[in-house]
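Open the structure in your viewer and keep the selection tool at hand. Each stop below tells you what to select next and what is there.

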Amino acid sequence: MYQDVTDADFEVKVLDRSHVLPVVVDFWAEWCGPCRALGPVIEQAVADRAGKLELAKLDTDANPGIAGALRIQSIPAVKAFVDGKVAAEFVGAQPRPAVERFLDGLLPSEADELIARGDEASLRRALELEPGRADVAVPLARMLHERGEDEQALGLLANVAGSYAADGLAARIRMEGDETVGPALDSLDQGDHEGGLDGLIGAIGATDDPERREELRRAVVGVLDELGVEHPLARESRRRLASALY
């Protein structure tokens, strides 16, 4: 099943709804032969995934506002919206296998569903399915660390490449027991990011040991990654970190 959408209700039926489920929009027109060929294919493919995503259709001739805003220049055009934004798209009539691959790419994987549960058993299974995922290894390593199983936690984090969060957590675990930065780490564990960052950045300026400076830098960058680039504390701390390092 699908619903027709218009310029007037596109925001509610597509953009707002896409925060709940992916919404696939088929942009078409009555005169378009390839549109008539694609229509039944995408309708059946969406029906086969009932409850996982939704299909909407917009007649570009009757609704030029949305078509123009989204720069629809050729039809059929299909755009998938997730969280109010275009997540994937294609143009032209496609064979059923290609349409199915397109739709399946919008759905959470088995690992994604396990991550959403968040318990230890689910995270372990997710890591088996997709080894090296930072968004699995980091929360699982935190659980192990809280139980005092630091070697296992560090082993998990070592298998994650290119993750500031994983590198930062590993650095924090390795530095536990260091009396100099202990209060800063305690502050971070208690949710006091400002106090924790103050202590870690101050420790960078107080040492000439390159290995220790790098370990502290990784810990700081991990916290900044957690805060996000737009967080005011993160912006100020990046400036202070640069000053301490250089």
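## The whole chain

Start with the surface. The accessible surface of the chain is about 13100 Å², and carbon and sulfur atoms make up 50% of that. Accessible areas come from the Shrake-Rupley method with a 1.4 Å probe, and for residues only the protein chains shown count as cover.

This is a predicted model: local features need pLDDT of at least 70, side-chain atom pairs count only at pLDDT 80 or more, and totals for chains, interfaces and linings use all residues. Residues are numbered from 1 along each chain as its sequence is written, and side-chain values use heavy atoms, with hydrogens and water left out.

Switch to cartoon view. The chain has 13 helices and 5 strands. These are DSSP runs numbered from the N terminus: helices are H or I with at least four residues, strands are E with at least two.

Zoom out. Along the principal axes, the C-alpha atoms fill a box of roughly 75 × 35 × 25 Å. The radius of gyration is 24 Å, whereas a compact globule of 246 residues would have one near 18 Å. The radius is taken over C-alpha atoms, and the globule rule is 2.2 Å times the number of residues to the power 0.38.

Of the 246 residues, 43% count as buried. Buried means under 20% relative accessible area, exposed over 50%, and partly exposed in between (1.4 Å probe, protein chains only). Contact means heavy atoms within 4.5 Å. Among contacts with a separation of 6 or more, 56% join residues 24 or more positions apart.

## Stop one: Arg213

Select Arg213, in helix 12 (residues 210-227). A salt bridge needs a side-chain nitrogen of Lys or Arg within 4 Å of a carboxyl oxygen of Asp or Glu.

Now show backbone oxygens. That of Leu245 lies 2.9 Å from a polar atom of the Arg213 side chain. The backbone oxygen of Thr207 lies 3.3 Å from a polar atom of that side chain. Leaving aside neighbours within four places in sequence, Arg213 is in contact with Ile204, Thr207, Asp208, Ala244 and Leu245.

## Stop two: the salt bridges

The structure holds 23 salt bridges. Visit these.

- **Arg49 and Asp104.** The closest N and O atoms of this salt bridge are 2.7 Å apart. Arg49 lies in the loop between helix 2 (33-47) and strand 3 (54-59) and Asp104 in helix 4 (residues 96-104), so the pair ties together parts 55 residues apart in sequence. Arg49 is buried, at 11% relative accessibility. Asp104 is partly exposed, at 39%.
- **Glu214 and Arg217.** Their closest N and O atoms are 2.8 Å apart in a salt bridge. Both sit in helix 12, 3 residues apart, which is about one helical turn. Glu214 is partly exposed at 29%, and Arg217 is partly exposed at 25%.
- **Glu230 and Arg235.** These side chains meet in a salt bridge at 3.9 Å, N to O. Glu230 is exposed at 61%; Arg235 is partly exposed at 41%.

## Last stop: a network

Select Asp112, Glu130, Arg133 and Asp135 together. Salt bridges link these four residues in a network.

Terms used:
Polar contact = N/O pair within 3.5 Å; in protein donor to acceptor, adjacent residues only side chain to side chain.
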